[in-house]
Every structure is written in C-alpha cells, then in structure tokens.
Amino acid sequence: MIKKQRNINLGAAALFALFSLLFFVLFLRFLIIQTTGEVKGQTLAAKAEQMYSESAKIDAKRGTIYDNNGEVIAEDRSSYSLIAILSEKMSPDPEKPNHVVDLEKTASELAKFIDLPKSDIYKILKTGKDNNRFQVEFGSAGRDISLEAKEKIEDLKLPGISFSRSMKRFYPNGVFASHVIGYTENKLNEDKKNETVGMMGIEKSLNSILTGKDGSYQFESDIWGFLLPNGEEKITPAQDGKSVYLTLDQRIQIMLEDTLNKVDQEYNPKKMVAIVANAKTGEILGMGQRPTFNPETKEGLEGSWYNEAIELPFEPGSTMKIFTLAAAVEEGVFNPNEQFMSGQYVIDQKSTPISDHNGGRGWGTISYLEGVQRSSNVLFTMLANEKLGFDKLEAYLKSFGITKLTGIDLPNEKPGKFLYNYPREKATTAYGQGTTVTPIQLVQGATAIANDGKMMQTHVIDKVIDPDTGKTIKDTKPEVIGKPISEETAAIVRDYLGTVITGEHGTGKRYAIDGYEVAGKTGTAQIPSKSGGYLRGPTSYVYSFIGMAPKDDPELIVYVSVQEPDSLNYGDGSKAVSEIFKPVMKNSLQYLQVEPSDNKTVTKVTNPDLEGQSVQEAKQELSRQGLEAIVIGNGSKVTSQIPAKSEVLMPGEKVVLKTDGDLIAPDMTGWSLRDVMKVAKAANMKLNSVGNGFVVKQNFKPGSMMREEEFLIVDLDKPGVITQEPIENSEIEEEQTEKETVETSNEGLDETP
C-alpha cells in the first residue's frame, strides 16, 4: 500500500514538472512575442493587417501618341466584349435569373446594338444552349463595344447578358506610318504578370516612357472581405504613361498612304518607300512603305518586319549624284557650259570602261549642264576623278552624312556600306552604284541643298509631355548638324537640279508640278543578285526621285522609290514614282498654304462656311466650288462641317455635312481612309479600320442610323479599278523613247527622255 502511494506521488510529481515546463515554455514564448511582435520572423501586426485588408489594382493607361496637330495616332481605350451566360447553374433563384431565358427576345434586342442580324444572334444562343455551353460570345461583332452601347444594353436588363472589360491599344488610322509608330503585344513580365510591351518603332523605342505605373486601392475589411464602415482606406493613384507628340502630320501621312495604295494597285511593285520632310527643320511629316501592316490587327506583319527607310541600305542610283554635283560646284570646278565627250570613260586599264546609261553610246560632245540633265555617268565620273579628286569627293560625301548613321530618333537604324577602295569603286560611288545608303540618309543630306547649305537633323519626335502635370519632359528643337556647302552653292545646285525637270534633255520632266518649281534628281538603280552581278529584266530596278519645292526657297523634300513594278516596259517605273511624288508634293504644299512660284496660278478651293444653312443651299454652294457634299443626318439644317470652314481643299474633295436630327450612315464603298475619318470626326465616333486600301465593307449599313461615341468600323482592301491621272502627250513620247533605250550595262541607270 505504501509502495503504491509512493508510485502515485512520483507520477504526480512528474506530471507537475511536465506541466510546469510547458507553462514556462508558453510563458517564455508569450513574453518573446509580446516583446518583439514577431513570429518566425514575421510581424504579427502586419499579418493581422494583411488578414483584414484588401487591395485592388488601379490600371495605368499607356501613353497616347499624337501627330503634330494633336490628332490621336495610338491610344489605350476601355474595350468591352459582349457575353451571354447560358448555364442555369448561375440562377439559384428562378425569380431572379442570371442566365439567358428568352432566346428570341434577347436576340431581337441585341440586334439593335451589334452588327449581327437577329437570326445569327439567335443561332449562336440556340447552338450554345443545345450544346450545354456555359456561355457564348458573338465574334468580332460582340467585341469593341462602346461604353454608350454597353450602358444601353445594360438598361434593357436582359438576363444573362454581361460584359468583360479590358484595356486595348487602338490605332484609329489603321495603316498609318506603321513602321514608324510600331505596335504592342501583351507579354508576361518577371513577376509573371501581363504587361503591354512596344515591339517596333516609337512604341518600342519609347516603351519605358509610354508605360505607366499601376496604382492601388487598399481598405480594411471584415473576415468575409466586406468593407468596414470606419476602416482605413489608402489610394495610390495610377501614373499614366507620358504623351508623345510626333512630327508626323496626319493629313499629309494619310495623303501619302492613299497615294501608295493607288500605285500599289496599279503597278504591284515589290517595294515602295516614301518620305516627306520639312526642308528647314528636318521634321519628318510623312513616312510610308509597301508592304506594310495594320498595327492593331497585325495583318501584313509577317511580310513587313523592317522600316525600309532606315533599316535596309541599298544602291541608290543617280539620286546620289546631287552630292557629287554640290561638291563640284562648291569647289568651283563645275562650269555648266564646259564640254565633254559622253558615252564611255576609262578609269584604268584593269577595269571595264564606265558607260552612260544608253548602252555606252552617249550623246556625243555635250555641255556639263546637259550631262546633269541627261544623268550622264561619264560626267560624274569625270567630275570625281579629274575635277575634284577622289579624296576630296570622299570628304564631301562624309560631310553630307553618307558614311554614317543619321541618328534619327527611331530604333534599329542600319549603316550602309561605303565601297571606296579601288578607282572603279570610287567612280561608281560618285554616281550611286556599289556604295549603299538608306533613304533617310539621302533625305538628311538633301536638307543641306534645300536649306541654304545647313544640314538638319532628321527627327520624328516633337515633344513628350506628362499628361498629369502638363510638364514638358522633352522638346526637340531643329538642329543644324553640318554645313557641307555654302548658301550660294546650295542655290546654284537647286537651279541646276531644276533643269532636270524643265530642261529640254531633262530626265525628270514628268515630275513637273503646276504652280510650283521643283528641283530634283531621278534615279534608276540596278538590284544586286544573290548569285552575283545584277538582276536582269525590263523592270528589275529601283526607280526613285528626290525633289524639293518651291525650288528657290524649298519648304518640303519628298523622296520616293519603287522597286520592280509589275509592268511590261522600262518607262513605267519612273511613271509609278511620279504618280506618288506629284500628288503628295503638290497637295502637301497647298495644305501648308505655300504660295505658288512666280505668281503662277494653282487650283485650290477655300472651304465655305456652311453652318446654319439649309442642306440644299450647302450642297449647291459646294457644287459651285467643285467640292462633293456628303450629308450625314436627316435634318434640314447644317450644324457642323468637316473639314472646317476656310480650310484649303483640293478640287473634288469630300466635305461632310452633319445636320440636326438622326445621324445617317453614307455609303462609303470605295472611299479612302482619309474620307472615312471625316465622317467619324463629324459624327463624333471612334474609328477602327481593318486592312489596307479602300473601303469594301462598313459596320453601319448605308442609310442606317449611327450613334455618337460608338465604333465606326470599316474593312479596307484593293478595289478593282483605280482612276489615274491622264498621261500628257509629252509623257507618252518620253515613255516611247525609254522603251527604245532599255539599258544593258551594269552602270547606274536613269530615265532617258
């Protein structure tokens, strides 16, 4: 008994000791937590706050890209997609259904707001229902729903009809300097989160500036996640991306794109490049190419990865001769009346002779000025070798920037290859063969000739502004980067280049523009073959022209090149180039209100003030002015007009008249994107274009009612017929002569009248 009592006492003591130890450990742990406020290195207060707090992300908008007049080129917009919930599991209470109940009624109501007939909507709903799908969407017709349309659909309170929201990058102009602007893609970042990343052009080079910083909204909640009445809230505002203003001019760029479309349809060339630059500032007002792509849909991107104007050097042909000519004039070794024997020129006994582009026959003994007009390779070789000397020519070419990058503010600019080692290479470089350059190098060098000897830095970024504060982050000013020739030399060179267009023997006659004197130089360059030598064929050339106008005080420089047009005769190449250069230069000068040269008259129309007039009166007035009236509305009075009053317009241009009453959609089939933009602006609608060319389809049927703030969507393609300007008799004669003088030599070529 005593032994049993002893065992009980020992057990009790052991238990007491164990519980005492546990109590001591717990007390010590409590004391440590009370003192440090941490458990396993984590602060308990922070964990508690985290447990009873919620946060939501506030999306930052990517910066908007504008043209030089503040017109939107690229912007982020809220995009809504229409969804129909079909699963009955979403409706626990039959009295308050959360799925589509009445398919017929739902289809009938939705057809009023999306571009799908009732029958198609019903079919989508019925098929989804029969296949037990949880939800269905409505293709492209159900995407990009405007906020106004979304709210009107929500007001109908249709069971099961919902929307998903996302931020989307919009390019309202469609194909518009696409390689300059670039495009974006959604990619996973290091934190495995989706972010929008620029992939080309300005979107890529200024990605860090355009990318905003997301904000957050934090609040205290109960255990179920509901906001506490007196809980603390903390809002960190989103910082939107910076606004970027470019030097591009929307109107000039759209004129350029329209013209490229027409020539592309008519001649189907392999490539085209065109640049419009301000001769006095180096600002790029327009830059386009074919092939190209739509930055929003990515259509065409697979065959158009490079900006041809800055990334792909090529042998320029005779457009290079303007720099050799300028060097000779500056050195005082070019006498326009001095005579030389054309045809062939022997550099050394080891090389084949340099030949003129008419098979080396030449034109006998002619003057230096006639040699410029005829684009004689022999003349320019002789100027380089005998008059200047190859070393001095090299120094001048370097001063014109031919041997280095221009430094234009676009990504991926590539240098050409300056082939200048042997006498023949030096000779061929003088007239544009062997050495390679980019179109932007030619344009930048030409600013020295156009701008009284001062070479300007080419650029596309005008300024960068913080949209929240209005503060200017960057402001690009015109920059003189060299003065390779004097003001006097520049004027003389322009006069000589003017005779290329006006002279009896000039190769550039077809580039003459009514009302404006043009100075410029043609080019017809052979294309190197991958197997060596040059491509052979009647149009296996790069046809080009670089021109400036008005000649005596140039405002604009326009460069155009067309590679391998699909036509049967040699003359069509330069004709294709002229059909881009002439309308773009002339219309741009008129748009910029540049006065015609020598008081010559030029056809232009000032848009009358039509607001407040009756529709009939307005249409009659526009008809008298030679303009076309497009009425959007069923009212009797004109309430606004696009283009605005007093703007200088081209004869035959469309003027959109908005009336009181409902907005009525016109038939836009065959229209250019430029004219569609007028309708979108007048109707206060958001434009979204798909494809390239001219309108073949529109989401609002002709005669149907349009609504402000909604999307106007047009599909663009190449129509079957494009009306071209009539060919003048002189051009027909020129073209016939060109057919007779197709070149057979491997020298730089030129159109030969």
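**Figure 1. Salt bridges across the predicted model.** The model holds 34 salt bridges. A salt bridge here is a side-chain nitrogen of Lys or Arg within 4 Å of a carboxyl oxygen of Asp or Glu. The model is predicted: local features need pLDDT of at least 70, side-chain atom pairs count only at pLDDT 80 or more, and totals for chains, interfaces and linings use all residues. Residues are numbered from 1 along each chain as its sequence is written, and side-chain values use heavy atoms, with hydrogens and water left out.

**Figure 2. A salt bridge between Lys-398 and Glu-394 within helix 14.** The closest N and O atoms of Lys-398 and Glu-394 are 3.4 Å apart. Both residues lie in helix 14 (residues 390–399), 4 residues apart, about one turn of the helix. Helices (H or I, at least four residues) and strands (E, at least two) are DSSP runs, numbered from the N terminus. Lys-398 is partly exposed, at 42% relative accessible area. Buried means under 20% relative accessible area, exposed over 50%, and partly exposed in between (1.4 Å probe, protein chains only).

**Figure 3. A salt bridge between Asp-675 and Lys-654.** Their closest N and O atoms are 3.6 Å apart. This pair links distant parts of the chain: Asp-675 sits in helix 20 (residues 673–682) and Lys-654 in strand 30 (residues 654–659), 21 residues apart. Asp-675 is buried, with a relative accessible area of 11%. Lys-654 also counts as buried, at 15%.

**Figure 4. The network around this pair.** Asp-675 and Lys-654 belong to a network of salt bridges. Arg-251, Glu-628, Glu-647, Glu-653, Arg-674 and Lys-678 are linked in it too.

**Figure 5. A buried salt bridge between Glu-710 and Arg-707.** The closest N and O atoms of this pair are 3.1 Å apart. Glu-710 and Arg-707 are both buried.

**Figure 6. Helix 11 against helix 16.** The axes of helix 11 (residues 321–330) and helix 16 (residues 439–450) come within 10 Å and cross at roughly 30°. Axes are lines fitted to C-alpha atoms, for helices over the stretch in contact; angles run from 0 to 180 degrees between N-to-C directions. The two helices are therefore roughly parallel (angles under 35 degrees). Ile-322, Phe-323 and Ala-326 in helix 11 meet Leu-442, Gly-445, Ala-446 and Ile-449 in helix 16. Contact means heavy atoms within 4.5 Å.

Technical notes. Angles under 35 degrees count as roughly parallel, over 145 as roughly antiparallel, 65 to 115 as roughly perpendicular and the rest as oblique.
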